[in-house]
Amino acid sequence: MDVPTYTPRHAAVPEGVVVVERASAAQDFGPKLNRTAADVVRFLMQHGEMVTATQSLSDEMMELFAAEIGAEIRLVDPGEEQEAELRKLLGIGVADDEAAPLRPPVVTVMGHVDHGKTLLLDRIRNTNVVDGEAGGITQHIGAYQVERNDRGLTFVDTPGHEAFTAMRARGAGATDIVVLVVAADDGVMPQTTEAINHAKAADVPIVVAVNKIDRPNADIQRTVAGVAEQGLVPEAWGGETIYCEVSALTGQGIEELLDQILLVAEVEDLRASPDGRAGGVVLESNLDIGRGPVATVLVQRGTLRIGDPMVAGASWGRVRALLDDRGEAVDEAVPSTPVQVLGLSEVAIAGDAFAVAPNEKIAGRVADTREHWQRLSSLGREAHALSGGAKLEDLFTRIQRGETATLNAIVKADVNGSLEAVTESLRKLETGDVRIAIVHRGVGGITENDIQLASASNATIIGFNVRPDRKAREAADVENVEIRTYEIIYKLLEDVSSAMVGMLAPDITEVVTGEAEVRQIFRIPRVGAVAGCYVQNGTITRGAKVRFLRDGTIIWKGAVNSLKRFTDDVREVQSGYECGIGLSNFQDLKAGDIIETFEEREVARTLDG
Ligand code: GDP
């Protein structure tokens with residue numbers, strides 16, 4: 001094919017850094033750099049990228065062209081610049097008024113499953129409702145406010161740690177204080193550690209509630225020691241963390257817990273002015289058949305009133321009604337109050353900031369503009385993955401650009417010993433120029449939670465002898481989070497240290513080709529164990545390389561030795577079908593295990609390679 005050659009013309013390149021929106025088309029991008037759309041298209045064609053003048057360009061395409069003509073660009077998300085303008089228009093980001101009155105602390109309860117979060121939230125609510133109307137109708141709106149000695153406390157019922165961090169990832173820090181619930185009869189469990197790391201990453205003070213002390217097998221001392229080991233040293237031992245011993249079941253210690261939370265709040269000096277237009281964050285939102293879109297919001301500043309024109313993300317409207325946490329209609333809501341809002345045009349997204357606009361026209365305009373950008377930015381994502389995440393291979397470039405001097409990492413490993421070994425060795429790689437910050441570490445497979453945390457803290461996930469499950473892989477795709485998994489510690493360290501000096505070698509990536517769940521084990525004389533499986537994803541092929549996973553941890557590697565549909569030998573089995581899989585010399589099969597097949601492909605490095 002005769003490809004026209006691109007010869008750089010010598011029109012002046014704009015001076016300084018040119019701000020360019022991600023997913024721009026050549027017709028907008030070219031002129032910004034004093035070039036025509038045709039220049040851009042021709043150049044990209046030469047590099048094997050067929051695009052039209054109106055098609056969205058990927059980050060790499062734009063960087064490539066800019067580098068070619070010697071221009072420097074900074075890519076911003078569509079609307080990022082204008083968003084700042086809009087926020088000004090809405091009056092967001094005005095500095096906190098130091099003279100403003102104190103406001104109630106916003107508290108989130110976190111901890112391992114079954115350690116008593118729900119019961120604790122219920123107990124606090126039932127014994128401390130504002131006007132003592134205990135036993136009245138309690139409406140679940142995802143947050144409530146209680147009173148203790150004339151001071152308010154707001155509790156947010158976050159459905160999970162990932163929701164907490166997803167909100168933070170979207171810039172909506174709704175929580176002032178985290179209460180970490182640890183059952184005294186169970187001690188520190190994986191989600192306890194996870195909760196601590198999420199709270200630490202958010203830089204939010206933690207109050208530890210040692211729960212279930214009524215249980216005969218409660219071991220308070222051991223529990224406290226376990227939590228202290230995670231870096232939360234109790235005051236009694238010279239540390240700074242407050243511990244409370246409670247029973248959500250009997251109510252013992254609950255009042256003291258509230259007092260301690262208020263004490264922390266006092267130190268934090270949380271203030272907000274009830275004057276001016278309201279702003280805050282959306283906690284929950286759903287479509288109610290009778291009432292239309294309903295959003296539970298937390299007011300963070302100003303006062304929200306009926307009739308206010310409000311914007312939440314890309315939805316807007318006049319506030320038609322406000323309902324408090326008991327479902328009663330109210331006229332207004334002041335800072336730290338959760339309320340349900342009726343009257344928005346559509347369902348807002350949890351974590352969206354909301355603000356009251358000066359008038360309805362501006363509210364509508366802001367919402368429409370945002371919707372436009374959201375569409376653009378999802379287009380851009382489809383055109384090519386945005387390179388916003390913290391990729392290991394970009395580390396050196398980012399260091400050189402002065403954007404970072406830290407590699408944020410989340411480390412997951414199969415057992416405690418290897419986790420220690422990996423994190424210790426990683427620490428030893430630190431140089432004067434590059435720091436390695438371990439945002440979270442834990443034993444077990446890579447989960448959706450890890451992805452959310454990585455996305456919020458710009459971290460790369462490093463797995464040692466563990467794998468991401470399907471939900472984690474999907475979330476990683478959406479959030480553009482990098483997961484690197486290793487089975488040899490030396491290879492792991494080599495990659496990280498090479499990345500630090502910009503010499504990451506071409507990578508062999510493994511592409512998962514199929515996933516089958518073991519349902520039943522058949523022991524066949526002279527053949528051994530055969531796994532009766534259900535193919536959940538992709539295709540299982542005879543001879544394919546296999547990783548055998550139990551709870552996300554790799555326990556064996558090898559190949560598919562035999563593959564059967566009923567009694568027939570087959571070459572491959574597609575997802576949605578059952579099959580029998582024999583794994584050469586591996587016999588330790590259990591129902592619920594996952595057989596993951598994969599292929600190795602070499603991936604050439606792009607651009608800066
Ligand atoms: P969550 O998963 O953390 O929300 O835990 P739940 O609040 O659902 O509690 C799990 C189980 O532990 C429930 O059966 C509760 O009744 C019980 N539980 C919670 N707190 C206590 C407590 O302080 N003492 C006792 N004995 N049981 C408790």
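Student: What makes Gly 538 partly exposed?

Tutor: Its relative accessible area is 35%, and since buried means under 20% and exposed means over 50%, Gly 538 falls in between and is therefore called partly exposed.

Student: Which residues does Gly 538 touch, not counting residues up to four places away in sequence?

Tutor: Gly 538 touches Thr 513, Gly 514, Val 573, Gln 574 and Ser 575. Thr 597 lies 59 residues apart from Gly 538 along the chain, and the C-alpha atoms of these two residues are separated by 9.2 Å.

Student: Why is Thr 192 called buried?

Tutor: The relative accessible area of Thr 192 is 0%, and the cut-off for buried is under 20%, so Thr 192 counts as buried. Thr 192 is found in helix H7, residues 190–201, and, leaving aside neighbours within four places in sequence, Thr 192 is in contact with His 112, His 115, Leu 180, Val 182 and Gly 187.

Student: Are Cys 579 and Cys 244 buried or exposed?

Tutor: Cys 579 has a relative accessibility of 6%, and Cys 244 has a relative accessible area of 6%; buried means under 20%, so Cys 579 counts as buried, and so does Cys 244.

Student: What makes H2 and H3 roughly perpendicular to each other?

Tutor: The axes of helix H2 (residues 37–46) and helix H3 (residues 59–69) come within 11 Å and cross at roughly 105°. Angles of 65 to 115 degrees count as roughly perpendicular, and therefore H2 and H3 are described in that way.

Student: Which residues of H2 meet which residues of H3?

Tutor: From H2 there are Asp 39, Val 40, Phe 43 and Leu 44, which meet Met 61, Leu 64, Phe 65 and Glu 68 in H3. By class, this contact of H2 with H3 has six nonpolar and two charged residues, and no polar ones.

Student: Which residues in helix H8 are buried, and what do they pack against?

Tutor: In helix H8, residues 220–228, the buried residues are Thr 223, Val 224, Gly 226, Val 227 and Ala 228, and the buried residues of H8 pack against strand E6 (177–183), E7 and strand E8 (242–245).

Student: Where in the chain is confidence lowest, and where is it highest?

Tutor: Helix H6 (residues 161–169) has the lowest confidence, at a mean of 65, and strand E7 (residues 206–211) the highest, at 98. Over residues 130–138 the pLDDT is below 50, and this stretch has 12 contacts in the model beyond near neighbours in sequence; over residues 379–389 the pLDDT stays under 50 as well, with 19 contacts beyond four places in sequence. Where pLDDT is low, the predicted coordinates should not be read in detail. For the chain, the mean pLDDT is 82, and 85% of its residues reach 70 or more.

Definitions and conventions. Residues numbered from 1 in each chain as written. Predicted model: local features only at pLDDT ≥ 70, side-chain atom pairs only at ≥ 80, totals over all residues. Heavy atoms only, no water. Buried < 20%, exposed > 50% of the residue type's maximum accessible area, 1.4 Å probe, protein only. Axes fitted to C-alpha atoms, helices over the stretch in contact; angles between N-to-C directions. Helix = DSSP H or I, 4+ residues; strand = E, 2+ residues; numbered from the N terminus. Parallel < 35°, antiparallel > 145°, perpendicular 65-115°, else oblique. Contact = heavy atoms within 4.5 Å. Nonpolar A, V, L, I, M, F, W, Y, C, P; charged D, E, K, R; others polar. pLDDT = per-residue confidence, 0-100.
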